[in-house]
Amino acid sequence: IGIALSATGYDEPEEILHDADVAMYRAKAAGRGQTQVFDPLMHRSAVALMRLEGELRSAVTNNEFEMYYQPVVSFDRGRVVGFEALVRWNHPERGLLQPGQFFAVAEESGLANAIGWWAIEDACRQLVEWHRRFPENPTLWVSVNISDRLFMQADMVARAKAILADTGLDPTTLRLEFREEVVVRHGEQAIAKLEELREEGIRLAV
């Protein structure tokens, strides 16, 4: 809920509705079930968020994202056994941005799915290349974080299968990480999707 107080002083009804809407946007960014009262600082923040959303749309179109891979090392085996794929935005003005600096806006604007699918495909292609270059380690795996919204996308399983088929990656070397909240919120529907993914051989991590 966004709240704007008439005592602040408005000349037109559209002005108070606009500020209440700005406060509502801030409330949404704070999480579920939140309320915010408008203050002038919010206006500047809202303008910055709108600008960031516009830049993010351009980033998706212009493919400004990069993937960084954090190695997972087995002390028992003494070698790298897998990688965690980490998305970064190579912003043309602000440099390399981490997900915490843009992903909330991506979720709110509906761009998170496009970024998520790009991440999954990029990670799969990279792992295929590593398998080719290092055939002595065919069990190398890659882990990709996915958003709740992407997980619950109607064609999620079909798209994941298509990427695996297109890249030629062994499904058992792909791990999809998701939040437990998606199962709590979506119940049987989410569990059914987990079963489908597992049947395809894709590994799952909570």
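This is a predicted model: local features need pLDDT of at least 70, side-chain atom pairs count only at pLDDT 80 or more; totals for chains, interfaces and linings use all residues.
Two packed helices are described by the angle between their axes and the distance between the axes. In this model, the axes of helix α4, residues 112-133, and helix α6, residues 156-167, come within 9 Å and cross at roughly 30 degrees. Because angles under 35 degrees count as roughly parallel, α4 is described as roughly parallel to α6. The crossing in which α4 passes α6 is right-handed.

The contact between the two helices can be followed residue by residue. On the side of α4, the residues involved are Trp 117, Ile 120, Glu 121, Cys 124, Arg 125 and Val 128. On the side of α6, they are Met 156, Arg 159, Ala 160, Ile 163, Leu 164, Asp 166 and Thr 167. Sorted by class, the contact of α4 with α6 has eight nonpolar residues, one polar residue and four charged residues.

Salt bridges were examined next. Side chains of opposite charge can pair when their charged atoms come close. A search of the whole structure finds 11 salt bridges, and several of them are described here.

Helix α4 contains two of the pairs considered. Glu 121, which takes part in the contact with α6, forms a salt bridge with Arg 125, and the closest N and O atoms of this pair are 2.9 Å apart. Arg 125 also belongs to the group of α4 residues that meet α6. Glu 121 and Arg 125 are four residues apart in α4, so about one helical turn separates them. Glu 121 has a relative accessible area of 29% and is therefore partly exposed. Arg 125, with a relative accessible area of 40%, is likewise classed as partly exposed.

Arg 132 has a relative accessible area of 57% and is exposed, whereas Glu 129, at 28% relative accessibility, counts as partly exposed. The cut-off for the exposed class is over 50%, which is why Arg 132 is placed in that class.

A further group of charged residues forms a network. Asp 148, Arg 179, Glu 181 and Arg 185 are linked by salt bridges. Within this group, Arg 179 forms a salt bridge with Glu 181, the closest N and O atoms being 3.2 Å apart. Arg 179 is partly exposed, with a relative accessible area of 42%, and Glu 181 is partly exposed at 27%.

Arg 185, another member of the network, lies in helix α7, residues 181-199. Its relative accessible area is 43%, so Arg 185 is partly exposed. Along the chain, Arg 185 and Asp 148 are 37 residues apart, while their C-alpha atoms are separated by 9.8 Å. When residues up to four places away in sequence are not counted, Arg 185 touches Arg 32 and Asp 148.

Asn 63 has a positive phi of about 55 degrees although it is not a glycine. Asn 63 is placed in the loop between helix α2, residues 40-62, and strand β3, residues 65-74. With 48% relative accessibility, Asn 63 counts as partly exposed.

Methods. Residues are numbered from 1 along each chain as its sequence is written. Side-chain values use heavy atoms; hydrogens and water are left out. Axes are lines fitted to C-alpha atoms, for helices over the stretch in contact, and angles run from 0 to 180 degrees between N-to-C directions. Angles under 35 degrees count as roughly parallel, over 145 as roughly antiparallel, 65 to 115 as roughly perpendicular and the rest as oblique. A crossing is left-handed if the near helix is turned anticlockwise from the far one by less than a right angle, and right-handed if clockwise. Contact means heavy atoms within 4.5 Å. Ala, Val, Leu, Ile, Met, Phe, Trp, Tyr, Cys and Pro count as nonpolar, Asp, Glu, Lys and Arg as charged, and the others, Gly among them, as polar. Buried means under 20% relative accessible area, exposed over 50%, partly exposed in between (1.4 Å probe, protein chains only). A salt bridge is a side-chain nitrogen of Lys or Arg within 4 Å of a carboxyl oxygen of Asp or Glu.
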